[in-house]
Amino acid sequence: MDARTMFQVLHTLAEDNITFFRENSSETGRRFMAAFAKIQEHARSLEPIVHCFSRIYHIFDFDAQTPANGYRSLMKVVRSCVLYIIHKSRYVAANRRSIFFRASHNCAEIEAYCTALTQLRALVYFAQRLLTANRHGNLFFEEDRGLSEEFVKEYTTMHKGCFYGRCLGFQFTPAIRPFLQTISIGLVSFGENYRRHESGIGVAASSFFTSGKYAIDPELRGAEFERITQNLDVHFWKAFWNITEMEVLTSLVNITSSTVRVNKVLSVPPNSFDLPLATDPNLMVTITPPVAHTGPAPVQMRLLSYELREGQDSEELNSLVKLEGPLNLDLRLKTKKAPRSKCLIVHFHGGGFVAQTSKSHEPYLKSWAHELDIPILSVDYSLAPEAPFPRALEECFFAYCWAIKNCHLLGSTGERICLAGESAGGNLCITVSIRAAAYGIKMPHGIMAAYPATLLQAAASPSRLLTLIDPLLPLSVLSKCVSAYAGTEPAHSEQKKMEQLNTVSVVRRDTALLLRDIRLGASAWLNSLLDAGRIRNNTDPVRKSVSEAALNEDSLQRSHNVIKSQTFQNLENHKTIAHAGHCNQKKVTVSHSNKGAPETILNSRAQDKGLHHQAKPWASESEEVTSWDSVQESEVTVKATPRPEVKFFLNKDEAEEAWSEAGSDVRARSPAGVEGVSENSLSLDFPGGFEPLRSDQGVSNLKFQLSPIVKNPFMSPLLAPDEMLRGLPPVHIV
């Protein structure tokens, strides 16, 4: 259904439920009435904005065949939230008279999505302002401060736990929600036991047995998820992501993965060598080993091949092999070696520049080697914060050049070499290619970059607004990874680093710890279940959720007078004893003066068909407008006031009509009284007296990255000049 019909249906259902529960004097009935009234208020304000965004977001599409950009994604998320509220409202209307109707559960669901809609409304208002502040057709805010800094300040104080509790993954297909719930439960359980145990197996065992309370209490899970993402440092994320490196897990995964004949870990010595120039093979260029931060050191790589090919068993290659774990015996009959392949894949793994190795990426690399029948060389580059930029880039470039020179040892002729990587690895694929062009050596024939990080600068954009609700990589986590890669994060954790233990050492040293963890974890799990039972048997049949805070009129009460579940209160008592000094949150006061905006005039004029710009294929968001034909000629003027309201409608009459429906008076109020936030801390104004919910976890420890190094084109390739980017090979973005 279109936006107008969708909101009409929502208004009708909300009004019907309000009428029914108005006659119900119970606390649950009052909560239902308050939630549906708030939903109606949000819907009235969002309807004209969503309608007008739907008329213009096609301007920012990558191309006609790829209708996608950050504004589309934001509107799709809002639509998904509204559609789920409609679905739940219909269910309530159809079953509210039934004796089997679970009033408390359904009320908590409505409250949770009402809270989510509140925060999404704030993001939509910010997207409005971003749209008017940017140059026409641009997605990224180009200035260092201004809106980018305001967005970071807003992010540090906004409530985010609602998106990790009952509403987790609502914007995705229902099939993926169980996976996201499993990841979030594992994350918060791991965070509770982080640094309490000496061994990785101890943390894993305790996390498993303490995960029960997070599975049965979505509000508790959301609050703990928000606390972890806001306050724990990059070393926690390094430890959590490196769970996939544990020997037990990798052994189990390898049982089900494809079998390859060649799986060798190579340690290439840091020796210089020469390569011919691509334009004149008679001229040579010297490739020096990586030296940044830690000096010359061997570069670790992993060679995978489904078939044993010529050169892969040579003495020269075997001299570089580094033993990994117990010796594997290949009992299969020796067959004739296959000829060298014409192709070679050089792979750079992901992990936010701070975690993982090729070992945890083996399963899909083996599948590639089997399905493509091509040798794969995966590079284990040094990780931040111990080895920040440009160490990883230097090692990956050195490995690429070494592969060109020694492709005969890798089972390939090197006629076609492709780079592949995901996330941080995608960034390295592009920057290695840029560096190869700068050296004038042979370029890769293609790049496969899966969700690459192409802009590490803290620039506001519509897709980055969605990091507020990202269930896997919130903005605070991304910021910590960027800070580590930029060299502004401490290289060593203050606490003792957790160990990665093999099976023998676990049996020898950690049997007692493992049994103790199981006993304590099982006790905590049973206590959480008993607490839930006591709550259900209470005289008050309704357990108030964290989401109910969204229904209070006073924004300060939403932040401080939150009624938490009994299990959360027990957890707080447990933390007081077991986590003394674990996570000392600092109260930060951020000051930023409010400034009146000058008069803004938006001119949108139809362009000739010949005037169009080609988007860069390596950008995660297109920067230029691909077509202006469908934009009607219009001019909208917004008068400067102490509290300006953002307007961006294509037609002045429609703009006045839409804003008259939504209420165009602007009365902004800052979240004074919120812990760690001063009265003048935020300069972002919201229309109609609206104010988003503020976090009760304190101000997020999020740095606004202004280091000039993030503007280095070898760190943020999206900022590279056009002359550097024109020489890149074809880039396939996944």
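**Charges and rings in a predicted model**

Let me begin at Lys213, which lies in helix H8, the helix that runs over residues 212–216. What we have is a predicted model, and that should be kept in mind throughout. Lys213 has a relative accessible area of 8%, so this lysine counts as buried, and its side chain makes a polar contact, at 3.3 Å, with the side chain of Glu192.

From there I would like to turn to the salt bridges. Side chains of opposite charge can pair when their charged atoms come close. The structure holds 19 salt bridges, and I will take a few of them in turn. One of them joins the side chains of Arg166 and Glu109, with an N to O distance of 3.5 Å. This pair links distant parts of the chain, 57 residues apart, since Arg166 sits in the loop between helix H5 (147–157) and helix H6 (177–193), while Glu109 belongs to helix H4, residues 103–133. Both partners, Arg166 and Glu109, are buried.

A further salt bridge is formed by Glu386 and Lys238, whose closest N and O atoms are 3.6 Å apart. Here too the pair links distant parts of the chain, 148 residues apart, with Glu386 in the loop between strand E6 (376–380) and helix H14 (391–405), and Lys238 in helix H10, residues 234–241. How exposed are the two partners? Glu386 is partly exposed, at 34% relative accessibility, whereas Lys238, with a relative accessible area of 11%, is buried.

The next pair is Glu362 and Arg302, a salt bridge in which the closest N and O atoms are 3.2 Å apart. Glu362 and Arg302 are both buried. To close this part, Lys38, Glu41 and Arg121 are linked with one another in a network of salt bridges.

Let me now move to the aromatic side chains. How many aromatic pairs does a search of the whole structure find? The search returns 25 aromatic pairs. In one of these, the rings of Phe163 and Phe170 have their centres 6.5 Å apart and their planes at 25 degrees, and because planes under 30 degrees apart count as stacked, the pair is classed as stacked. Phe163 is buried at 1% relative accessibility, and Phe170 is likewise buried, at 8%. Elsewhere, ring pairs link Phe20, Phe21, Phe32, Phe36 and Phe101 into a cluster.

The charged end of Lys88 sits over the ring of Tyr91, 5.0 Å from the ring centre. In the other place, the charged end of Lys160 sits over the ring of Tyr155, and there the distance to the ring centre is 4.6 Å.

Which residues make the nonpolar surface patch of about 380 Å²? The patch is made by Val248, Leu249, Leu252 and Ile255.

Definitions and conventions: Residues are numbered from 1 along each chain as its sequence is written. This is a predicted model: local features need pLDDT of at least 70, side-chain atom pairs count only at pLDDT 80 or more; totals for chains, interfaces and linings use all residues. Side-chain values use heavy atoms; hydrogens and water are left out. Helices (H or I, at least four residues) and strands (E, at least two) are DSSP runs, numbered from the N terminus. Buried means under 20% relative accessible area, exposed over 50%, partly exposed in between (1.4 Å probe, protein chains only). A polar contact is a pair of N or O atoms within 3.5 Å; within protein, one must be able to donate a hydrogen and the other to accept it, and residues adjacent in sequence count only if both atoms are side-chain atoms. Patches are made of residues with over 30% relative accessible area and no salt bridge: like charges are joined within 9 Å, nonpolar side chains (Val, Leu, Ile, Met, Phe, Trp, Tyr) within 5 Å. Accessible areas come from the Shrake-Rupley method with a 1.4 Å probe; for residues, only the protein chains shown count as cover. A salt bridge is a side-chain nitrogen of Lys or Arg within 4 Å of a carboxyl oxygen of Asp or Glu. Rings of Phe, Tyr and Trp (its six-membered ring) pair if their centres lie within 6.5 Å; planes under 30 degrees apart count as stacked, over 60 as edge-to-face and the rest as tilted. A charge sits over a ring if NZ of Lys or CZ of Arg is within 6 Å of the ring centre and within 35 degrees of the ring normal.
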